[in-house]
Amino acid sequence: MIKKVAIQGIQGSFHDIVSKHYFLEAVETLPFLTFNEVVSSLVKHNSDAAIMALENSIAGSIIPNYALIDSNALHITGEYYLDVQHNLMALSGQEINDIKEVHSHPMALLQCKAFFDQYPHIKLVEDSDTAEVARRIHNQQLFGIAAIASETASEIYQLKILEKSIQTIPQNETRFVIVERNQNSSTKINKASLKFMLDHKRGSLAAMLNVMSDCKLNLTKIQSLPKIDTPWKYAFFVDVTFDAFEDYNKAKAIMTIMAEEFKVLGEYENAKK
């Protein structure tokens with residue numbers, strides 16, 4: 001049976017590109033315009049897995065997606081780092097000075113902000129998906145409007161690339177995670193995503209970080225999120241890598257005791273070798 005994978009975006013979107021790179025076997029991608037819809041598809045068993053962008057090397061963390069994974073009791077089972085190259089594209093017969101508006105996903109616009117400082121006449125408009133804008137321009141033959149999208153999208157929707165790689169920093173990586181309803185059963189586990197809450201007192205976070213260090217865990221990410229129903233209370237989301245699963249298990253046992261609340265969001269193979 002072909003695996004159904006929910007993605008944010010349509011054919012030619014960066015999530016679509018990740019689905020083709022990550023899964024060894026052919027999958028059926030189910031496109032949605034929002035991450036809420038992606039997660040809902042997975043929760044309702046309409047899809048078998050989902051792909052969600054979690055952080056970008058320029059724009060930082062996509063914080064709402066942490067909360068979506070956590071609140072819906074989903075599990076991170078894998079990750080993929082994609083070199084995201086943003087290209088400015090429009091219908092043929094135009095140059096940049098002919099463009100009045102650029103529509104794209106807010107994260108794409110943020111990653112390309114410095115480029116558009118050179119073109120104050122261009123209005124930047126937030127939209128739901130990079131590839132969806134490219135498709136709309138093609139279908140409706142919209143002149144004067146450009147998209148920021150992948151080179152793949154320009155080929156699919158027959159648009160001319162006006163400028164390649166317009167992101168502020170040339171090396172622009174986005175970390176995508178593969179999310180499923182059940183935990184990973186792989187034997188190649190050397191990375192974990194964890195969530196914990198601590199008593200609000202001096203040194204509590206430092207003590208937790210010391211446990212990770214003493215148990216030979218390498219902290220690769222830490223992100224705090226406010227607990228909405230408790231003012232000035234925070235949850236911490238961390239990623240750790242490790243060489244020995246036994247070291248990780250030992251740390252997990254200690255951290256469970258130390259934390260007010262402790263949760264494993266996922267155990268999987270580290271994509272950064």
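This tour visits a sheet with a helix packed on it, and then a pair of helices. The model is a predicted one.

**First stop: the sheet.** Select strands β8, β7, β9, β6 and β10, which lie in that order in an open sheet of five strands. The pairing within this sheet is mixed. Now turn to the edges, where β8 (123-126) and β10 (160-163) stand. Each of these two strands has a single partner strand, so one side of each is left without a neighbour in the sheet. On average, neighbouring strands of this sheet are turned by 35° against each other, direction ignored.

Select residues 87-90, strand β6, together with residues 145-149, strand β9. These strands pair in the antiparallel sense, over three bridges. Highlight L88 in order to find I148 of β9 opposite.

**Fourth stop: two helices.** Two packed helices are described by the angle between their axes and the distance between the axes. Select α8 (residues 204-214) and α9 (residues 245-258), whose axes come within 9 Å and cross at roughly 170°. The two helices α8 and α9 are therefore roughly antiparallel to each other, and their crossing is right-handed.

Which residues of α8 and α9 make the contact? Display the side chains of A207, M208, V211 and M212 on α8, and of A251, I254, M255 and M258 on α9. Of the residues in this contact, eight are nonpolar, none is polar and none is charged.

Definitions and conventions: Residues are numbered from 1 along each chain as its sequence is written. This is a predicted model: local features need pLDDT of at least 70, side-chain atom pairs count only at pLDDT 80 or more; totals for chains, interfaces and linings use all residues. Side-chain values use heavy atoms; hydrogens and water are left out. Two strands pair if DSSP finds at least two bridges between them. Helices (H or I, at least four residues) and strands (E, at least two) are DSSP runs, numbered from the N terminus. Axes are lines fitted to C-alpha atoms, for helices over the stretch in contact, and angles run from 0 to 180 degrees between N-to-C directions. Angles under 35 degrees count as roughly parallel, over 145 as roughly antiparallel, 65 to 115 as roughly perpendicular and the rest as oblique. A crossing is left-handed if the near helix is turned anticlockwise from the far one by less than a right angle, and right-handed if clockwise. Contact means heavy atoms within 4.5 Å. Ala, Val, Leu, Ile, Met, Phe, Trp, Tyr, Cys and Pro count as nonpolar, Asp, Glu, Lys and Arg as charged, and the others, Gly among them, as polar.
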